[in-house]
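Visitor: Hi, I'd like a quick tour of this structure. Can we bring it up and talk it through?

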Amino acid sequence: MAIYSSFGLLLAYGYGFLGREGLFLYAKARLALYGEPARLENLGLVYPPTGLLLNLPGAILGWPVAPVFLSALAGGITLTALVYLWRHAQVGRASAVLVAIVMALHPLSLQAFGTGSSTAWAAAWLLLALLSLTKLLERRISYYLMFCGLAMGAYTLSRFDGVLILLLFAPFVPFVFREYSFSGRWALLAVYLMLLSPALFGLAGWVFLNWVFLGDGWAFLRDPQLYVRIPGVLEPGSTDLLVVRSSLLDAMWTGITWTAIGVPLFPLVVARSGRLSGLLLASWLGYWILAYFGAIRPAAEDLVLLLLLGSAAAFLPGRRPNRLWYGSLMIALVLTIPGSLHLLQRYGTAEARELWSGSPPPIWEQARAAAERLSKAQTILLDDTEGFPIVACFPDLSRLLLPYRGYRFAEALAAPERHAEALVLPDPGYGNGRLDRLHRSFPDWQLEGIAGFHLEERIGPWYIFLRKGEAP
Amino acid sequence: MKSTLRDRILDCGLLEAQSLREAEVLAQQRQWPLARALLQGGFIARSTYAAWIGEQTGLEALALIGRTDAFALLEQLALPRYELERLQCWPLRREGTELEVAVLDPFDPEPARWIEALTGLRVRYRFALDVDLAWVHHTYFGRDLAADTVHLLFLEDPLRSAIQPFTPAQLLGIALLLTALLAGLYGYGTQTLAALLLALNGFYLLNILFKASLTLAGARRELHQTVSEEELAAVRQEELPEYSILIPVYREAAIVREIAFGLGRLDYPRDRLDVKLLLEQDDRETLEAIRELDVPAIFEPLIIPDLPPKTKPKACNYGLLFCRGQYITIYDAEDIPEPDQLKKVVVAFRKSPNEVIVLQAALNYYNAEENLLTRLFTLEYSYWFDYMLPGLDALRMPIPLGGTSNHFRMDKLLELHAWDPFNVTEDADLGIRAAARGYRVGIVNSTTYEEANKSLGNWIRQRSRWIKGYMQTFLVHIRRPIQLWRSLGGRAMIGFILFIGGSPLAFLGHLPLSVLFAGWLLFRWSWVEALFPGWALYVALFNFLVGNALMIYVNMVAVFRRGLYHLLPYAFLNPLYWLLHSVAAYKALWQLFFKPSYWEKTRHGLSQIRPSEMLARAA
């Protein structure tokens with residue numbers, strides 16, 4: 001773990017391997033703490049709070065490399081937990097270490113752990129939860145159930161799809177129950193409560209905070225990140241290849257993670273029960289049916305998860321993975337290396353390097369550039385290319401909030417001239433292509449411009465639009 | 001009456017020969033008359049014995065409780081205390097040259113011989129049970145002894161006694177704080193309240209972190225067994241030392257049978273059990289119940305002379321004077337310890353370093369399912385004894401002992417000057433005193449089952465006493481903070497402040513904060529927002545969300561570990577339960593100023609579930 005964390009720091013210092021997600025979280029934490037006025041409620045009201053909260057110490061210290069350290073630390077924890085998990089699955093030590101080494105050095109690992117502190121931590125929590133579950137089955141000490149529940153709670157607050165994953169895990173609970181020396185309905189309910197309560201408490205707290213500060217408990221559900229991830233899946237024919245590749249990258253990483261997690265879990269829980277295959281198949285089919293009727297809009301990684309569950313269901317019942325399974329997994333891992341290297345080359349880390357040299361975060365710069373062109377207190381809508389449209393209120397630029405109280409994003413995006421005095425959009429080829437909802441609202445702006453606004457200036461990849469005259 | 005008690009019993013088949021032999025061995029060891037060994041060694045029930053004596057001799061058991069008329073006669077006769085007690089006799093009335101004497105064994109000629117030799121009077125026997133003889137004996141002889149035990153600690157170190165709840169310096173400090181607060185409220189009402197709430201929330205934040213640390217430290221001890229089954233199996237009966245048990249009771253007539261039942265289950269050689277049932281002098285109902293007890297019971301009734309304060313620690317200090325054991329423990333009247341508890345303690349003490357002078361067993365409830373209150377109480381106790389105390393132990397912080405089932409090395413208990421009779425949580429106080437002397441409290445993996453309070457009023461009484469006791473303990477030990485810091489060390493000092501001082505403060509703060517929150521939530525009181533400016537709001541929200549969630553969850557964990565699965569959903573009601581704590585805390589605060597050493601009596605025996613029935617069902 002320590003080696004991997006050090007490796008992450010080396011990448012950050014030596015090669016500017018700074019992640020946009022981490023920097024965003026860091027910048028938000030800084031603004032929340034040191035804005036005027038400081039608005040701590042920014043942390044975790046809309047975004048899953050774990051990443052933001054973990055970035056608090058770094059933000060307090062003013063240490064921009066903190067998110068990298070956090071990501072690398074999470075990566076170290078994940079891989080360490082993975083080795084333990086594999087070993088508990090009665091996989092030989094050599095195999096476990098081999099898989100861990102490949103995963104540690106895999107470019108996708110480096111990318112995930114180097115750039116996405118929230119994602120990396122989500123993976124770490126998930127693995128810790130599974131490891132606790134495995135330990136519970138092995139050692140039959142009830143506090144492992146507590147640790148598992150707490151890790152699941154932390155996981156739920158690390159990713160937007162945490163609840164979904166939690167629901168997918170729910171069918172496993174009866175098998176934990178069966179393996180442990182529990183009996184009776186109350187015991188089953190107790191196991192569920194132990195495993196799911198922290199997650200439910202977390203969600204309830206999140207809803208409560210959204211309600212207190214935003215006036216709408218479910219505000220977080222409308223986070224733009226949900227809209228951003230979907231195009232890569234729903235619009236694979238998009239001309240914007242980077243969007244697709246970005247999603248593909250996510251999907252590959254998620255697939256590998258899930259395979260690595262899932263394989264050892266199955267023999268532990270499943271080999272003792274043939275009925276699980278039925279349950280897995282049922283959940284798999286149920287998920288597809290829900291998706292078909294539009295009740296669920298699966299993202300790329302969810303599809304991989306579904307594939308995994310489907311294959312697991314086919315693989316079962318009651319057999320331990322054999323050499324063919326391990327061999328296939330290893331070959332798959334190795335095959336992903338050149339592909340992922342190619343994809344990673346497409347991602348410039350230049351702006352990250354600039355940031356590391358002490359420049360303020362890009363969202364801040366964008367807001368300032370636009371504000372300098374406005375003469376009085378105004379509202380600026382920004383696309384920060386991370387899937388997070390943001391409103392800046394000039395001259396109080398500390399209020400980079402999403403969505404902040406009283407601002408109606410849907411209406412602003414439908415008729416920006418009524419709700420903003422300036423828009424800031426990046427070049428579509430800029431960054432990792434995770435353009436947000438603001439960008440997608442005006443797909444042809446480069447050709448047709450934006451009604452009610454004129455292009456004031458272009459600074460590097462950024463385009464600053466000012467409103468023509470007063471609001472209609 | 002030529003034949004002895006032994007012969008008569010054998011002739012009548014009142015007791016099997018083997019049991020009789022055991023009783024004789026016990027009598028010989030303790031230098032007791034056989035009759036006393038039969039009753040107090042748990043061989044024959046008192047009512048059975050009284051009826052049998054009546055059949056054999058025509059003598060009825062005299063009721064001596066409340067009979068102080070004979071005391072003047074004793075003064076005239078000047079009979080020595082020790083022999084009266086040893087021979088189990090008491091002079092009642094003189095008629096000319098004849099002296100009427102109450103005896104436990106009317107077949108025993110020795111009391112008559114001894115009294116006749118000393119007084120020259122002819123003795124005529126009457127019959128009285130041991131409990132009646134104990135009453136007159138301790139009421140007459142015990143007052144001076146009791147007075148000594150009451151002031152033992154105070155005389156040794158006045159500042160360590162809760163006889164004075166506040167020192168003048170403490171009173172001055174409180175007065176200054178109150179004055180500053182009132183002045184602040186008068187001049188800067190909102191700001192003062194906001195500062196007060198910020199300080200309170202800061203404390204809650206620390207408390208949450210502290211509780212989380214304790215829980216994690218306690219959880220890691222789940223598999224840790226102080227004494228394993230193998231170690232227990234290796235214990236040789238003949239190596240077990242004499243063990244004293246104190247059972248203080250007051251108005252517990254309803255559960256006297258349960259006391260006998262609980263003691264009867266103990267897996268410990270009977271001849272090495274030294275059980276003292278501590279009865280208050282004016283507790284006629286319990287005394288009557290003991291006299292009429294129809295099951296054998298292993299205990300010796302001791303009567304506590306009626307002196308203020310009427311508290312459990314005073315009774316225990318008095319009982320301690322008569323104890324013989326190498327180890328000593330306290331059980332409440334309704335306690336049902338696990339049968340092997342005493343053996344485990346002996347093994348644990350042998351394994352432990354010398355600085356461990358007391359071992360605390362876990363407490364839990366046998367009537368958890370009786371109503372909502374008992375369920376919530378069980379949740380709380382499971383967490384307290386299975387996580388909090390092991391957590392304190394793991395972090396080497398002072399452990400406030402639980403009310404019962406704390407097992408001491410006798411010599412060390414005496415060295416600490418025993419319990420403080422003026423402290424209403426004398427056990428918690430003793431735990432801190434032990435820690436301050438460099439001793440440690442350990443945890444033993446055994447459970448004592450008690451009766452959970454099922455009545456709200458009774459619960460509030462009990463809880464207010466506990467909280468008041470914590471307040472007393474904190475005030476007593478914080479009188480010399482630097483000395484305490486030096487003796488405890490930094491970490492233990494923090495534990496003491498947060499645990500002993502922090503618990504009452506947390507309860508006191510809960511009610512006003514809940515009212516503010518509910519008012520803001522339901523009625524949108526805008527003025528509440530002014531009380532939580534900036535960071536104060538974030539800290540308060542963190543405490544509200546994380547604190548509540550954490551405490552609910554750890555309560556779930558605790559009952560899960562004990563296999564009480566049906567209780568888990570009730571953990572969600574904990575915030576309401578804490579409101580009750582808060583009510584009790586305000587009562588405690590009021591009493592701290594106006595009735596500091598008043599012992600709020602908890603009534604036992606209210607439960608419809610009897611432990612004997614419950615265990616029989618479980619079997």
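**A loop in chain B**

Guide: Let's start with B:Ala78, in the loop between α5 (71–77) and α6 (81–87) of chain B. Bear in mind that this is a predicted model.

Visitor: What is the phi of B:Ala78?

Guide: Phi of B:Ala78 is near 55°, a positive value in a residue other than glycine. Most residues other than glycine have a negative phi.

Visitor: Is B:Ala78 buried or exposed?

Guide: B:Ala78 counts as exposed, because it has 8 C-beta neighbours inside 10 Å. The cut-off for exposed is 12 or fewer.

Visitor: Where does B:Arg396 lie, and what is its phi?

Guide: B:Arg396 lies in the loop between α17 (372–394) and β11 (406–409) of chain B. Its phi is near 55°, a positive value again in a residue that is not glycine. B:Arg396 is partly exposed, with 15 other C-beta atoms within 10 Å.

Visitor: What joins B:Pro308 and B:Pro309?

Guide: A cis peptide bond, with omega about -5°. Most peptide bonds are trans. B:Pro309 is found in the loop between β7 and α15 (312–320) of chain B.

Visitor: You mentioned β7. Which strands are in its sheet, and in what order?

Guide: Eight strands of chain B form an open sheet, in the order β7-β6-β5-β8-β11-β10-β12-β9. The pairing is mixed.

Visitor: Which strands stand at the edges?

Guide: β7 (300–304) and β9 (336–337) of chain B. Each has a single partner strand, so one side of each is left without a neighbour in the sheet.

Visitor: How many bridges join β6 to β7 in chain B?

Guide: Five bridges join β6 (residues 273–280) of chain B to β7(B), and the two strands run parallel. In one of the pairs, B:Glu280 has B:Ile304 of β7(B) as its bridge partner.

Visitor: Zoom out. How many helices and strands does chain B have?

Guide: Chain B has 26 helices and 12 strands. Its radius of gyration is 27 Å, close to the 25 Å that the globule rule gives for 619 residues, so chain B is as compact as a globular protein of that length. Its C-alpha atoms fill a box of roughly 90 × 50 × 45 Å along the principal axes. Buried residues make up 48% of the 619 residues.

Visitor: What is A:Ala124 in contact with?

Guide: Leaving aside neighbours within four places in sequence, A:Ala124 is in contact with A:Ala74, A:Ile77, A:Thr78 and A:Ala81.

Visitor: Last one. Where does helix α12 of chain A bend?

Guide: Helix α12 (residues 185–214) of chain A bends by about 50° at A:Leu196. A proline, A:Pro198, follows within four residues. After α12(A) comes A:Gly215, whose phi is positive, near 80°.

Technical notes:
Residues are numbered from 1 along each chain as its sequence is written. Chains are lettered from A and ligands numbered from 1 in the order in which they are written. This is a predicted model: local features need pLDDT of at least 70, side-chain atom pairs count only at pLDDT 80 or more; totals for chains, interfaces and linings use all residues. The bend at a residue is the angle between axes fitted to the seven residues ending there and the seven starting there. Two residues are in contact if their C-beta atoms, placed from the backbone, lie within 7 Å. Two strands pair if DSSP finds at least two bridges between them. A residue is buried if 20 or more other C-beta atoms lie within 10 Å of its own, exposed if 12 or fewer, and partly exposed in between; C-beta atoms are placed from the backbone. The radius of gyration is taken over C-alpha atoms; the globule rule is 2.2 Å times the number of residues to the power 0.38.
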